[in-house]
Structure formats: C-alpha cells, structure tokens
Amino acid sequence: MTLKFKISALLLFFTLSLTAQEKVFPFREGNLWGLCDENAIILVAPKYDVVNNVKSKGATFFEATLGNNSGIYIGSKNVIPVEFQDLRYVSSNLIIAIKK
C-alpha cells in the first residue's frame, strides 16, 4: 500500500443527550486552554494550545489543539483523541481524522 497518510474515518453521532444538559465553555489559564462549566468548575484541565468552539452543519463541539495534533470534545467528553494532524468535517455526524 503506497498511501502517504493513514486515514481514520470516525463516525460521530451527535445526540442532544450529550450536550443538552451540559453547558461547556473554553477557558484560558496562562497560555493554556481547557473546558469548564457555567459555574466555572473545571471539566478539562488547561493543557491545550487552542480550544475552538466549532459549529458544523448543525452540531456544536470543541476542537482542541496541542502542537500539530487536534481532537474533538463533545461537552467534556473527548470523543476523538488529540493525536490527529487533520480533521475534516464531512457532515454533522462524520469527521475524518487523519494521522500523517
């Protein structure tokens, strides 16, 4: 196989039950980012260079980046580990995660 990249396709079925009860926000401590709830309770310790709130085709989630690696959080749950170099948003329930 002469593929340059290892491609991992991950199906994510975003359901309202994952995010309806939990309001999560990115926060910064020093130069690092994490996730907290509306009461400022830390859900994910600040360890990322960037945490972006992403709205893609009806779904809302967070893309966390550390160095050249990215991953996905839905609420406070890490559903795609922060070890992929490229994330491609195909639809609201399909993200292709590429590890180079």
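Here are some notes on this predicted model, point by point.

1. **Ground rules.** Residue numbers run from 1 along each chain as its sequence is written, and side-chain values use heavy atoms, with hydrogens and water left out. Since this is a predicted model, local features need pLDDT of at least 70 and side-chain atom pairs count only at pLDDT 80 or more, while totals for chains, interfaces and linings use all residues.

2. **Overall make-up.** Going along the sequence, the pattern is β-α-β-β-β-β-β-β-β-β-β.

3. **Burial and surface.** Of the 100 residues, 33% count as buried; that label means under 20% relative accessible area, with exposed set at over 50% and partly exposed in between (1.4 Å probe, protein chains only). The chain exposes about 6300 Å², and carbon and sulfur atoms supply 53% of that. These areas come from the Shrake-Rupley method with a 1.4 Å probe, and for residues only the protein chains shown count as cover.

4. **Contacts along the chain.** Take the contacts (heavy atoms within 4.5 Å) between residues at least 6 apart in sequence: 34% of them join residues at least 24 apart.

5. **The β2-β3-β4 sheet.** These three strands form an open sheet in that order, with antiparallel pairing; two strands pair if DSSP finds at least two bridges between them. Strands β2 (24-29) and β4 (42-48) sit at the edges with a single partner strand each, so one side of each has no neighbour in the sheet. From one strand to the next the twist averages 25 degrees, using axes fitted as lines to C-alpha atoms (for helices over the stretch in contact) and angles that run from 0 to 180 degrees between N-to-C directions.

6. **Inside that sheet.** Six bridges hold the antiparallel pair β2 and β3, where Val24 stands opposite Asp37 in β3. Their hairpin has two residues between the strands, and Gly30 takes a positive phi near 70 degrees there. The antiparallel pair β3 and β4 has three bridges, with Trp33 opposite Tyr48 in β4.

7. **Ala40, worth a look.** What is Ala40's phi, given that it is not a glycine? It is positive, about 65 degrees. Ala40 sits in the loop between β3 and β4, and it is exposed, with a relative accessible area of 57%.

8. **Leu32.** This residue belongs to strand β3 (residues 32-37). Pro46 is 14 residues away from Leu32 in sequence, yet their C-alpha atoms are 5.2 Å apart. Leaving out neighbours within four places in sequence, Leu32 is in contact with Phe27, Pro46, Lys47, Tyr48 and Asp49.

9. Strand β7 is mostly covered, with five of its six residues buried. On one pairing, β6 and β7 run antiparallel over five bridges, and Ala64 stands opposite Gly71 in β7. On another, β7 (residues 69-74) joins β8 (residues 77-84) through four bridges, again antiparallel. Across that pairing Tyr73 stands opposite Asn78, and Ser70 stands opposite Phe84.

10. In the β6-β7 one, Gly67 takes a positive phi near 65 degrees; in the β7-β8 one, Gly75 has a positive phi near 60 degrees.11. **Nonpolar cores.** Here a core is a set of buried Ala, Val, Leu, Ile, Met, Phe, Trp, Tyr and Cys residues joined through side-chain atoms within 4.5 Å. The largest has 10 residues: Val54, Ala59, Phe61, Ile72, Ile74, Ile80, Phe84, Leu87, Ile95 and Ala97. Strands β6 (59-66), β7, β8 and β10 (94-99) each supply at least two residues of this core. A second, separate core has eight residues, including Val24, Val51, Phe62 and Tyr73.

11. **Asp86.** Last stop: Asp86 lies in strand β9 (residues 86-91). Its side chain makes a polar contact with the side chain of Arg88 at 2.7 Å. Such a contact is a pair of N or O atoms within 3.5 Å; within protein, one must be able to donate a hydrogen and the other to accept it, and residues adjacent in sequence count only if both atoms are side-chain atoms. Not counting residues up to four places away in sequence, Asp86 also touches Ile96, Ala97 and Ile98.
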